[in-house]
Amino acid sequence: MVLFQTTILGSSAAMPTSERHTSSQLVRHHNKLFLIDCAEGCQMQLRRFKQPFSKIDHIFISHLHGDHYLGLPGLLFTYHLLGRQNDLHIYAPAGLEEIIRIQIETADLIPSYKLVFHEIFEGGQPLYEDKWLTAETMAMEHRIPTFGFILKEKPGHPHEGKAGPRSYGIGSDTAYTESFLSQIRGVDLLYHEATFMHDDAVLAREKYHSTTVEAALLAKKALAGRLLLGHYSARYKETDAYLDEARQFFTDTLLALEGETIAVRDHAPKKTKA
Ligand SMILES: [Zn+2]
Ligand SMILES: [Zn+2]
């Protein structure tokens, strides 16, 4: 079985709470690891959940709000201290390379490994490709340039079940938008932020975030297999109500819970002739 899964490292919006870390997740496809955002405390979470973090060669940063990248400098310094040799590819909007370069120069450091920056500047931009998988960007609607990512297995990929290639769409911070709907149509797993409960829909719109119901409606429109909610506002201590609200509109909804791993699996296997 070729693994295709995500492990949730952080699920909080904006700031960490005593119960939740800010947003990061580690996607694994076969033997490749993709870190999606690297929030404060991310490297501690990687250790806590026993993830093989030295094998991460690709880091996707959705946007430059602190709750999505402030853990990156720490992780990069740790890699140097551990004597990392492999190139590390970082995909991010403009600005991050300069921030990291200043930190490295100020510390008078020559990293033990090569950092390769790839600038993200539009939705639909191909970012990554290997023998079995492709990744491209999706445009979000947020206060600063913000991108999601869609990872798709290539047709003919030899995963168990042979029902067809699997796909994982990872949204980031966004107001409700259908700008990336065509990219996630039929996606097997969709991660979508739900910073607010639907009572706070006006606030969500003001702050360029989404609600439980909006995430569920988009998943429904996209004919997604399953919806994974995350990026919960610190104002909500419990998240069970999130699930109840979203499931009224999209039954196959899950909550992103730190330390849990969710498999990307086919949701609409094609019938084959006997
Ligand atoms: Zn955020
Ligand atoms: Zn943001």
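**Entry 1: two loop residues**

I began with Asp 108, whose place is in the loop between α4 and β6 (115-120). I took helices (H or I, at least four residues) and strands (E, at least two) as DSSP runs, numbered from the N terminus. The model is predicted, so I kept to its thresholds: local features need pLDDT of at least 70, side-chain atom pairs count only at pLDDT 80 or more, and totals for chains, interfaces and linings use all residues. Residues are numbered from 1 along each chain as its sequence is written, and chains are lettered from A and ligands numbered from 1 in the order in which they are written.

I found phi of Asp 108 near 50 degrees, a positive value in a residue other than glycine. Most residues other than glycine have a negative phi. Asp 108 counts as exposed because it has 6 C-beta neighbours inside 10 Å. For this I used the rule that a residue is buried if 20 or more other C-beta atoms lie within 10 Å of its own, exposed if 12 or fewer, and partly exposed in between, with C-beta atoms placed from the backbone.

I then looked up His 30, in the loop between β2 (24-29) and β3 (32-36). Its phi is near 55 degrees, again positive in a residue other than glycine. With 16 C-beta neighbours inside 10 Å, His 30 counts as partly exposed.

**Entry 2: confidence**

I read pLDDT, the predictor's confidence in each residue from 0 to 100. The chain averages 94, and 95% of the residues score at least 70. Over residues 269-274 pLDDT stays under 50, and there the model has four contacts beyond four places in sequence. Two residues are in contact if their C-beta atoms, placed from the backbone, lie within 7 Å. Where pLDDT is low, the predicted coordinates should not be read in detail.

**Entry 3: the sheet**

I traced an open sheet of seven strands in the order β7-β8-β9-β10-β11-β12-β13, with mixed pairing. β7 and β13 stand at the edges with a single partner strand each, so one side of each is left without a neighbour in the sheet. Neighbouring strands are turned by 20 degrees against each other on average, direction ignored. Two strands count as paired if DSSP finds at least two bridges between them.

I followed the pairs in turn. β7 (residues 126-129) and β8 (residues 133-139) are antiparallel over three bridges, and a hairpin of three residues joins them. Glu 129 stands opposite Thr 134 in β8. β8 and β9 (residues 147-153) run antiparallel and are joined by seven bridges. Here Thr 137 stands opposite Phe 149, and Met 138 has Gly 148 as its bridge partner.

β9 and β10 run antiparallel with four bridges, and Lys 152 stands opposite Ser 167 in β10. In which sense do β10 and β11 pair, parallel or antiparallel? I found β10 and β11 (residues 189-193) paired in the parallel sense over three bridges, with Gly 169 opposite Leu 190 in β11.

I also checked which way the residues of β10 (residues 167-170) point. Ser 167 and Gly 169 point one way, Tyr 168 and Ile 170 the other way, and all are buried. In a regular strand the side chains alternate between the two faces of the sheet.

**Entry 4: helix α8**

I noted that α8 lies across β12 and β13, at about 165 degrees to β13. Axes are lines fitted to C-alpha atoms, for helices over the stretch in contact, and angles run from 0 to 180 degrees between N-to-C directions.

Which residues of α8 (residues 240-247) are buried? They are Tyr 242, Glu 245 and Ala 246. They cover an arc of only 95 degrees around the axis, which puts them on the same side of α8; the arc is that of the directions from the helix axis to the C-beta atoms. On the other side, Asp 240, Ala 241 and Asp 244 are exposed. The cover over the buried residues includes α7 (212-221), β12 (226-230) and β13 (253-255).

**Entry 5: the nonpolar core**

Of its 63 residues, Phe 149, Leu 190, Ala 219, Leu 227 and Ala 246 touch the most other members. Helix α7 gives the most to this core, with five residues. Not counting residues up to four places away in sequence, Ala 219 touches Leu 190, His 192, Ala 224, Leu 227 and Phe 250.

Technical notes:
A nonpolar core is a set of buried Ala, Val, Leu, Ile, Met, Phe, Trp, Tyr and Cys residues joined through C-beta atoms within 7 Å.
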